[in-house]
Structures are given as structure tokens and as C-alpha cells.
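User: I am new to this structure. Please take a close look at a single part of it and describe it in one connected answer.

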Amino acid sequence: MFGLYQSAFGELVANPLNIVMLLIGGLLLYLGIAKKMEPILLVPIGFGIFMANLPLGGLMVYTLEGLPAPVPPINELMTALGKGELGLLNVLYAYGIETEVIPLLIFLGLGAMTDFSPTIARPISFIFGAVAQAGVFVVFLIAYLSGLFTVNEAACVGIIGGSDGPPTVYLTIALAPRLLGPITLVAYSYMAMVPIIQPPIIKLLTTKKERAIFMKPQVRKVSRLELVLFPVAIFIAAALLVPKSVPLIGMFMFGNLLRVTGVTGRLSETAGGGFINVLTFLLGIIVGALMPAVLFFKAQTLAIIGLAVVAFAVSTSGGLLAAKFANLFLKEKINPMIGAAGVSAIPMSARVVQKMGQEANPRNFLLMHAMGANMAGAVATSVVAGVFLGMLQ
Amino acid sequence: MAQEIVEFPIAGKVIEVNVNHGGAVEEGDVLCILESMKMENPILAPVSGTIAKLDISPGQMVESGDLVAIIEY
């Protein structure tokens, strides 16, 4: 009888690590709300961490290792929910995330929100987008050789360096679902911190004179035909070269096609509007709820936090150096910072480049050029995820 | 006196105008904020001088190449 009125204070005090997790959740809420850093993701993730770490609530029921309790076959689901053996978030996790449904549909929405015209106008962007995946492979190797991670887990740690959310989630569910919580949290947090991580690296590897290199702000006007052919061509090329990238690239390019046909505006507005918003807060809150203290406080988590910085740094440097290398052959020099925007984190790194370009030379307006590399980086990360799946699945 | 013509680098919507006709600006000062690609982008003064022409207001949609201001220096 008194059990009905049992409060959760005792449980909470008995597990001080839960309190640390609550502080982490609070920090994410603060960064999202007060500092406006990726609020659309950090606010749901922060609140999800609360849901995971206040005991006895039952929104998400965990196994002893801190993983979501498995969901029974659908005919027994109602009974399990009624008995409190499972919570709402268990169901959302099982049907939305483990099935890869939510990250893939989010990618459809992102495609509908993405304007590839800066990439089409400067196809060289693809080189930067590709080279900026360097961090993915470098950290993949380091993580694997460290002995802390299996080869599958190492791939998921590496892909953080592509700084693109949905491919990271997609790959991790497929290869290392146990690490989904920490990897997604670290990936989205670092994306939010790109404006802090990238500038020192860019400054280290470029001179002020290079950063001041002026580029005409406008990129070439791109025709409707090019815009329509782009997603179709990229999809076919990716499907033939890296078949395992089909789910990600297919959704991304389908969303983009809806945007550019000129006759499917209603569909693309919905895909990039209410549709993706619903999926985004579902993803955020579920990811937050994947981080009970027992799972989070492990050497692996700390290693992920450290390795991810290396991944971002190597990818940024790779893009920069590729752009400097390209300048050796180009008559009209490009601003090497454009390469750093190949680390997608759309649109964070493009913003960083834009801002640093203006600081070095007030006439500079590099946004469109940086966006080109940015979008190319997103495509490249999806392809890399497909490569890993092909190798490891 | 030389004139510097400042144009909008890309299309978008003016959301804030930070200088006045006849006012003085330093190189690097923010002339206005252009919302484009869902981002707020400051348009900076390329030279120090006086605003000789300014014909934009908040809320206005602009194309790339439209005039932001003419600065005399």
C-alpha cells in the first residue's frame, strides 16, 4: 500500500552517478536554451537524459547494463506496457530507432531542406567534402588499435568525424547499437561546438593573407535541369559504387528531388516542415533516454569524447590542406578555409568560414562557397557510412 | 572623394539596418544584417568613411547585386 506513495529520493541519493547525469542533462538544456547551441537537438536530448536518470519513472525501462529493455512481440506489448515492464520510450526506441525508421526519414526531410546549388556550381566542393572525411578513417584506426573498441564500434566512433547526425545514428544502430547513446550525444554536442573547435585549427594552418583571399560572393546560377538531375545522378552513382549507402543517399536525394522539381512543393514543404520536426524531437528524446548513468560512466564513453575531437580536427585539417593543395594548380585562387567547411555540421562550419573570412577581409562573403563544401561533406559522410556497412556488416 | 559601392553578396531579407544616412562608419562595422539560407549574415563596411547613400529598410527582400550603401571616403 505505502509502495504506491514511494518517492524516488532514496533511489536517487543511492546512485550519485545519476545526479551527475542530471547535471549533464541540465548543462545540455542550458547550452541549448541560453546559448542557442543546436537547441533543436540539445533541448530534447537534455530532457531525455532527465527521463533516463530520475529513477522509478518507467518511461524507459532498462536492463541491468543500462540498455533499453527488449520489446516483446506485438501481441504481448499491451500487457507489458500495462504492467509497467516497459515504457513509452521503449516502444519508440524499438519501432523507431532499432528499425532505422526515424533516422532514415529524417534524412528525407533534410534532403528537402538542402539547397545543393552551391555544390553544383562548384563541383570542386566534392573534393573538399571527400577529403574532410579523413578524420573518420584516422579515428577509426586509432579507436580500433586502442583495443577499447571492436572493429564495428571503432567505425561508429570514427563516423562522428563526418559531423553529420543521421548517418552516424544509422551506422551505429547497424554496427554497435550499445553505443548509440554516447556516440549520438558526442556527435551532436561536438557539432554544436564546431564554432569553438574549428577556428584555432584553421588559424594554425592558414596565414591571415590566405584567409583574406577574396572570392566573388555569388556562385554561378544553376538551372532547374541541373537541380533535378543532381539528386538522380548522385543517387544512381552512389547506388552503383556503394550499394550499402542506398538507404541513406536514397532518402536524402529523394527529399531533395521533391524540393527542386518545381511541382512537388507541397510534399517538400511537409517533408522539411512538420514531418522532420516530429521525427527530430522523437530522435532527440530517445537518444537522451539512452544514457542512464550505468551505461554512460565507462572508459569507452570518455574515449569517445576524446577521439571525436581528434576526428573533427583531422577532418578540418584535411579539408584545409586539400584546398591549399588545389590552389597550387588553380589560376583563380580559392580561400583555403572553404576546405574546412567540408566537415559538414550543416551549416555550422560554413558559418565559421564565413565569419573568419569576413574578419580577415571585410569584403569577403564566403558563405555560398562554404555551403557548397558543406553539402558535399554531408553526401560524402553518407557514402562513407555505406562503405563501412559494406566492409563490416 | 572616392566612393565605395557596397552590394548585397547574395539574395535574402534585410532584418536589421545598423547605420544611418550621413553617419560615419569604420572598416568592418556592420552595415546591416541579411537573413539568407536561414542564417543571419552581417554585411560589413569594406572601408572607413561616411554613408552617402542608403536605401534599405528592415523586412525588405533583396537580390544579389542590389545596393546596400555607398560609402564616401
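Analyst: The expected span of a helix is 1.5 Å times one less than its number of residues. Helix 2 of chain A, residues 16–33, has 18 residues, and its first and last C-alpha atoms lie 26 Å apart, close to the 26 Å expected. Helices here are DSSP runs of H or I with at least four residues, numbered from the N terminus.

The model is predicted, so local features need pLDDT of at least 70 and side-chain atom pairs 80 or more, while totals for chains, interfaces and linings use all residues. Residues are numbered from 1 along each chain as written, chains are lettered from A and ligands numbered from 1 in written order, and side-chain values use heavy atoms, without hydrogens and water.

On one side of helix 2 of chain A, A:N18, A:M21, A:L22, A:G25, A:L28, A:L29 and A:G32 are buried (under 20% relative accessible area with a 1.4 Å probe, protein chains only; exposed is over 50%, partly exposed in between). Seen down the axis, these buried residues fall within an arc of 115°, so they line one face of the helix. The face turned away from that buried side carries A:P16 and A:L23, which are exposed.

The buried residues of helix 2 of chain A pack against helix 1, helix 3 (39–53), helix 12 (180–192) and helix 18 (293–296) of chain A, with contact meaning heavy atoms within 4.5 Å. Chain A averages 91, and 98% of its residues score at least 70.

Definitions and conventions:
pLDDT = per-residue confidence, 0-100. Helix = DSSP H or I, 4+ residues; strand = E, 2+ residues; numbered from the N terminus. Arc of directions from axis to C-beta.
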